[in-house]
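Please look through the sequence and the 3D structure below, and then read the briefing that follows. The points are grouped by topic for a reader who is new to this structure.

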Amino acid sequence: MKKAFTQAPRIWAVFSLLGLFLIAGAVVLLLTPADEEEEPEEPEFVDHSYRANYHFTSPDHWKNDPQRPIYFNGEYHYYYLYNGDYPDGNGTEWRHATSEDLVHWEDEGVAIPKYTNENGDPWSGSVVVDTDNTAGFGKDAVVAVVTQPSADGDQEQYLWYSTDDGQNFTSYSDEPVLENPGIEAFRDPKIIWDDQSKKWVMLMAEETKVGFYESDNLKDWSYTGGFQTDDIGLIECPDLYMMRADDGSVKWVLGVSANGKAIDKPNTYAYWVGDFNGDEFLPDHEEPEWLDYGFDWYGGVTFEDGESEDQLNHRYALAWMNNWKYADETPTMAEGFNGLDSIVRQIELKKSENEKYYLTSQPKEELDRLTSSVDSFERIEVDGSERLEATGAAYQLEADISWEDLQNTGLRLRESEDQSRHIDVGISPENQYSYVNRSSTAQPDEEHELIESHAPFDENQKEVHLKVLVDKTSVEVFIDDGKVAHSNQAFPPLEDEGITLFSEGGEATFKNIKIKHYDSIHK
């Protein structure tokens with residue numbers, strides 16, 4: 001994907017002042033002498049910060065593209081594009097983090113540094129464990145193929161390898177392992193091992209086409225075929241994997257990050273279900289499905305459950321929670337960082353009543369280990385609005401909502417005390433869509449074009465199950481079995497923690513409301 005921006009961020013003045021005020025307040029707390037008769041209070045940095053409680057965030061400066069995590073030596077190894085010079089300098093490098101549960105993360109520092117040779121900075125790519133030493137760097141060497149702009153400015157693919165369990169990588173050669181064939185956008189290699197054909201397969205984002213290449217040693221690549229996309233703009237970060245559906249069928253899934261604005265679709269992760277014959281992908285249907293309908297789920301990657309014996313039953317997925325339209329517009333820069341990932345989801349493949357396969361996604365269950373307290377409400381009838389006694393800024397909320405006839409129903413989250421500010425999560429049977437609306441609170445789109453995300457909803461449906469993850473700067477919504485998800489950033493004032501149920505044009509019944517309040521992963 002493209003590199004971090006060169007220009008300094010235009011951060012809202014109000015948030016800059018807020019950030020400086022909070023930082024100054026923390027400094028005062030630290031420097032003020034404590035009363036001799038009382039124990040000094042510990043400064044509560046997390047509570048006064050826009051750093052997410054349980055989402056992965058950049059430790060400082062800037063992050064964007066996730067690289068597909070790999071599992072070895074009992075841990076997940078996650079690399080992502082990082083710019084330690086942001087906002088004053090350009091160029092990305094690969095920073096490394098490890099995790100045992102995909103919830104708590106340990107920073108491992110930079111693994112592939114930028115500007116170490118004439119080919120510039122490393123962009124997105126793919127990392128694999130070379131179990132059989134096909135590349136000749138040793139058994140279980142960690143090998144990455146990465147896009148770099150090259151000395152001539154062409155996007156080409158270069159190989160890096162690690163013999164210390166992925167901690168540090170060495171450049172294999174100043175020459176690319178895959179040269180640019182003469183197109184402007186030629187990037188984001190994604191490598192898998194195809195067990196059927198016993199070869200490495202690499203996907204390339206080639207403007208509006210996915211190119212397929214094969215190799216037996218990760219160094220020499222040959223073109224085998226392509227998959228042309230339509231009406232979803234420039235594609236990035238391709239993805240390919242096998243899954244077993246709930247009917248027992250084994251299918252291939254091809255995914256890309258794309259902008260579906262031309263066909264009134266999201267700017268997130270488009271995918272097709274079909275077959276891969278070892279050379280090219282053959283979709284069951286020409287039109288793509290979408291894994292997320294929000295504004296902030298881009299550069300998505302899926303990866304294997306390293307602890308499961310069945311690699312086809314489910315996968316995990318995560319994405320960069322931002323949008324290139326306003327990537328610089330986050331008030332977290334007042335605290336010196338810009339970069340948030342979605343939570344890790346578990347995805348499964350299912351078959352619909354009309355014989356069409358689709359992906360579902362749900363939050364990973366390990367998040368529940370962060371639960372510090374629970375609020376429950378068995379049944380609440382709502383005709384208008386009902387404000388709950390429960391409040392919070394970091395939690396998971398589940399609810400079953402049913403109705404007979406109404407126009408609109410849902411939740412107002414991160415609501416201010418006077419109820420003027422809030423994020424709305426709802427269902428509009430009248431308009432046949434689910435939605436997340438962030439217009440009534442601080443959000444990053446200065447032009448107010450990306451305000452309310454929509455996903456199709458059957459007007460004949462009279463009930464819905466909502467699962468909503470709320471953190472300090474984000475809302476992620478999973479509807480029914482998770483076929484529909486919305487991921488959106490928002491930046492409410494930190495004191496806005498209210499929760500209100502609402503209905504318009506009729507009565508709605510809210511049942512089995514459960515709010516699990518989450519502790520921070522930053523200890």
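Q67 counts as buried at 1% relative accessibility, where buried means under 20% relative accessible area, exposed means over 50%, and partly exposed lies in between (1.4 Å probe, protein chains only). This is a predicted model, in which local features need pLDDT of at least 70 and side-chain atom pairs count only at pLDDT 80 or more, while totals for chains, interfaces and linings use all residues. Residues are numbered from 1 along each chain as its sequence is written, and side-chain values use heavy atoms, with hydrogens and water left out.

- Q67 is found in the loop between β1 and β2; helices (H or I, at least four residues) and strands (E, at least two) are DSSP runs, numbered from the N terminus.
- The side chain of Q67 reaches the backbone nitrogen of G125 at 2.8 Å, which is a polar contact, that is, a pair of N or O atoms within 3.5 Å; within protein, one must be able to donate a hydrogen and the other to accept it, and residues adjacent in sequence count only if both atoms are side-chain atoms.
- Leaving aside residues up to four places away in sequence, Q67 touches Y78, Y79, Y80, L81, W94, S124, G125 and V301, where contact means heavy atoms within 4.5 Å.
- D341, which lies in the loop between β21 (337-338) and β22, counts as buried at 0% relative accessibility.
- The side chain of D341 makes a polar contact of 2.7 Å with the side chain of K63 and another of 2.5 Å with the side chain of Y78.
- Among the residues that D341 touches, not counting those up to four places away in sequence, are H55, F56, P66 and W320.

- Strands of a sheet pair through backbone hydrogen bonds, either parallel or antiparallel.
- β1 and β3 pair in the antiparallel sense over three bridges, and K63 has Y82 in β3 as its bridge partner; two strands count as paired if DSSP finds at least two bridges between them.
- Strand β2 (residues 70-72) is joined to β3 by three bridges, and the two run antiparallel, with F72 standing opposite E75 in β3.
- The hairpin of β2 and β3 has two residues between the strands, and N73 takes a positive phi near 55° there.
- β3 also pairs with β4 in the antiparallel sense, over seven bridges, and Y79 stands opposite H96 in β4.

**Aromatic pairs and charges over rings**

- A search of the whole structure finds 27 aromatic pairs; rings of Phe, Tyr and Trp (its six-membered ring) pair if their centres lie within 6.5 Å, and planes under 30 degrees apart count as stacked, over 60 as edge-to-face and the rest as tilted.
- The rings of F56 and W105 have centres 5.5 Å apart and planes at 80°, so this pair is edge-to-face.
- This pair links distant parts of the chain, since F56 is in the loop between α1 (13-31) and β1 (61-66) and W105 is in the loop between β4 (93-99) and β5 (106-112), 49 residues apart.
- F56 is buried, with a relative accessible area of 11%, and F56, Y78, Y80 and W105 form one aromatic cluster.
- The rings of W62 and Y86 have centres 4.8 Å apart and planes at 45°, so this pair is tilted.
- W62 is buried, with a relative accessible area of 0%, and Y86 also counts as buried, at 1% relative accessibility.
- R95 lies over the face of Y82, at 4.6 Å from the ring centre; a charge sits over a ring if NZ of Lys or CZ of Arg is within 6 Å of the ring centre and within 35 degrees of the ring normal.
- The charged end of K483 sits over the ring of Y358, 4.7 Å from its centre.

**An open sheet of four strands**

- An open sheet of four strands has the order β19-β20-β22-β23, with antiparallel pairing.
- Its edge strands are β19 (298-303) and β23 (357-363), each of which pairs on one side only.
- Strand β22 (residues 345-351) pairs with β23 in the antiparallel sense over seven bridges, and the bridge partner of L349 in β23 is L359.
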